[in-house]
Every structure is written in structure tokens, then in C-alpha cells.
Amino acid sequence: MTAQFWKQLPNGHVQCSLCRRSCVIPPSERGFCGVRANNDDGVLHSLVVNGVGAMNLDPVEKKPLYHYLPGTRTLSFGTPGCNFACLFCQNAALSHDARELGHVRLQKITPQALVEQARRNGAASLSFTYSEPTVFFELMAETADLALQAGFGTVLVSNGFQSPDSLKALQGRIQAANIDLKSFREEFYRKYCKAHLVPVLDNLKAMRACGWWLEVTTLLIPGCNDGSDELRELARFVAQELGQEVPWHISRFRPTFRMKNVPPTPLADMERAAQIGQEEGLRFVYLGNVAHHTLSDTFCPACGRKLLSRTGFSVAGLPFDGRCACGEEIPGVWSAA
């Protein structure tokens with residue numbers, strides 16, 4: 001299928017403008033993501049428009065989204081390919097094989113069938129996730145349109161590296177997003193992700209302006225992005241540029257992919273990061289990949305009352321209408337109505 005967001009160049013080359021990489025792709029080659037190809041015809045094609053590489057029915061808390069339709073299920077899917085090359089990737093076979101090995105394996109399914117699958121399984125939303133949804137933009141856009149028409153929510157889980165044009169095209173198609181803010185240092189993005197920080201910061205502000213419900217996740221990697229000064233700058237950016245009500249998820253690193261020599265994140269470091277976030281004014285800071293911790297729960301920032309309790313992906317305290325008994329309104333999307 002002919003892709004969106006590209007232009008022809010001389011000598012049969014094309015330039016993709018889907019994400020901030022703006023890959024120039026010679027004939028018979030693919031872009032960095034491994035799934036957008038110039039098939040020797042001077043036309044950019046998407047290799048991931050008619051199927052998925054992974055699909056599951058997940059708790060929405062797994063995205064993680066804690067203030068968007070809590071306790072509901074979301075039909076989650078992704079395709080091969082990614083526009084990052086994270087050394088700590090948790091979905092390496094799905095994200096990296098298209099670029100490194102040329103493999104694009106799909107389970108054939110249409111956008112209509114994906115929406116029907118969500119309906120049959122009692123999902124409240126569909127989530128574009130697992131790899132990087134930007135690279136399967138065409139499939140995501142058509143599925144989102146159908147999902148919204150059918151009354152489902154739409155969720156984006158992303159690295160936030162979209163081009164301005166593709167992000168604008170998602171504006172009316174996405175209701176909630178969790179964006180990885182992997183670090184607050186350009187050198188981290190270059191060394192560990194082969195990407196850049198500033199476009200992610202710009203896109204986070206643009207997403208907030210779109211009116212999406214937004215949550216942010218940082219995977220805390222020992223010795224890499226866990227310095228107190230960096231965490232304070234990151235938390236301050238979220239609080240001042242995105243809003244104090246935006247939930248910040250601090251996720252525990254587990255050794256994986258090309259960083260198996262790095263130990264898991266100490267709990268004390270996660271608690272230190274959470275304290276920094278609270279000191280910078282963030283009202284909802286959560287710890288992820290940690291069992292039975294009080295910072296998995298939602299508390300009223302006004303009176304301190306516990307409103308929602310989480311054990312794993314199970315939530316107690318539902319239904320919740322978004323208001324504490326003290327009268328404080330808790331920002332979020334608490335029902336589909």
C-alpha cells in the first residue's frame with residue numbers, strides 16, 4: 001500500500017516525513033523503521049497496513065494508564081518495526097527484527113475486524129502499542145476512525161517521535177496517550193535509543209494542547225538516567241509544561257535485550273525519583289513493575305484519602321466518579337459516557 005507522509009526526490013529516492021527522522025530512502029531500500037520501503041519505483045510503501053505482529057486483550061492499567069477508564073480492558077496491538085533502536089527494548093523481536101533482519105511477519109487482519117474483536121471481547125478501547133505505532137500510521141488511523149465511530153476509546157502508547165504533520169493527523173483520532181519520556185538528556189537518547197530528546201518534548205506539549213488525556217512513563221535505568229538532577233529537571237518539565245495533574249509513571253528496569261548486564265532498578269532509587277516528582281509539584285506519581293507498593297495507588301492530593309488501590313493490574317475502589325469525598329476533583333477520564 002502507498003504510504004502517507006512522503007515526497008519524491010531525484011534519482012528514484014523518496015523522503016519519508018512520518019517521524020522526526022525524515023529518512024531519505026534509495027530505491028529497493030527501507031527506512032530506519034524497517035517497514036516503510038521504496039520498492040524501486042520511487043514510491044513509498046508501508047509494509048504493515050494489513051495485519052498485526054502482536055495482539056492481546058490487556059488491562060488498560062498495563063499501558064500504563066491509571067486515570068483513563070480504570071478497570072477496563074483494551075484490545076492492544078502492534079506491528080513489526082520501530083523508529084527507535086533502544087538497547088533496553090522490551091519487545092525486541094517485534095521492534096528490531098524488521099530493521100536488523102528484514103523480517104515483517106503479520107497476522108492478517110483488517111481494521112474492521114480489529115474493532116469487531118474489541119466488541120466481542122468486551123473491551124472499552126483499542127490501544128496502538130507494543131512496538132511504535134507511528135510506523136503503522138495507516139493501520140492506526142483507519143482503525144481509530146472506525147473505533148471512535150463504534151463508541152470505543154482510542155489509546156496511543158508511543159515514544160513521541162512523530163513528525164508535526166503525522167501528529168496533527170492523529171489529533172482527532174486519539175483520546176488518551178502514554179508517552180515514554182526516556183530521559184531528560186540528549187546524550188541518553190543518542191546513545192541508548194539512536195534518537196533525540198527535543199522532538200519528544202515538543203510533541204508532548206503538542207499532545208497536551210490537543211486535549212488528549214496524557215500520562216508519562218520513565219523507565220529508570222541504574223547508572224543511565226537516574227541522577228537526581230536529571231530527574232528533577234524531567235519532573236519539573238512535566239509539572240510546568242504539561243501540568244501538575246499529569247500522572248508520571250516511574251517504571252522499574254529489568255535486564256533485557258542488549259542491557260542484560262545492568263541490574264534491576266533498586267526500589268530505593270524509584271522512591272527517591274517519586275519524592276523528587278512530588279517535590280516538583282506533580283500530584284500523581286506512580287511506581288511500576290513493583291509489587292504491593294503504596295505508590296501504585298491513587299490518593300486525593302487535597303486530603304490524602306486513598307481513592308483507588310492497585311494490586312498488579314487489579315483495581316479496587318471502582319466505580320469511581322472522579323471526585324473525592326472531600327470535594328476534590330481528580331483529573332482523568334473515569335467513564336466512557
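**A walk through the fold**

Of the 337 residues in the protein, 54% are buried, meaning under 20% relative accessible area with a 1.4 Å probe and protein chains only. Keep in mind that this is a predicted model, where local features need pLDDT of at least 70, side-chain atom pairs count only at pLDDT 80 or more, and totals for chains, interfaces and linings use all residues. Residues are numbered from 1 along each chain as its sequence is written, and side-chain values use heavy atoms, with hydrogens and water left out.

The secondary structure comes to eight helices and 19 strands; these are DSSP runs numbered from the N terminus, with helices (H or I) of at least four residues and strands (E) of at least two.

Now zoom in on helix 5, residues 186-193, where F188, Y189, Y192 and C193 are buried. Looking down the axis of helix 5, you'd find its buried residues within an arc of 100 degrees, so they line one face of the helix (the arc is that of the directions from the helix axis to the C-beta atoms). They pack against strand 13 (176-180) and helix 6 (198-210), with contact meaning heavy atoms within 4.5 Å. Just past helix 5, K194 has a positive phi of about 55 degrees.

Over to an open sheet: three strands in the order 4-5-6, paired antiparallel, where pairing takes at least two DSSP bridges between two strands. Strand 4 (29-30) and strand 6 (44-46) are the edges, each pairing on one side only. Strand 5 (residues 36-38) joins strand 6 over three antiparallel bridges, and R36 has S46 in strand 6 as its bridge partner.

Terms used: Buried < 20%, exposed > 50% of the residue type's maximum accessible area, 1.4 Å probe, protein only.
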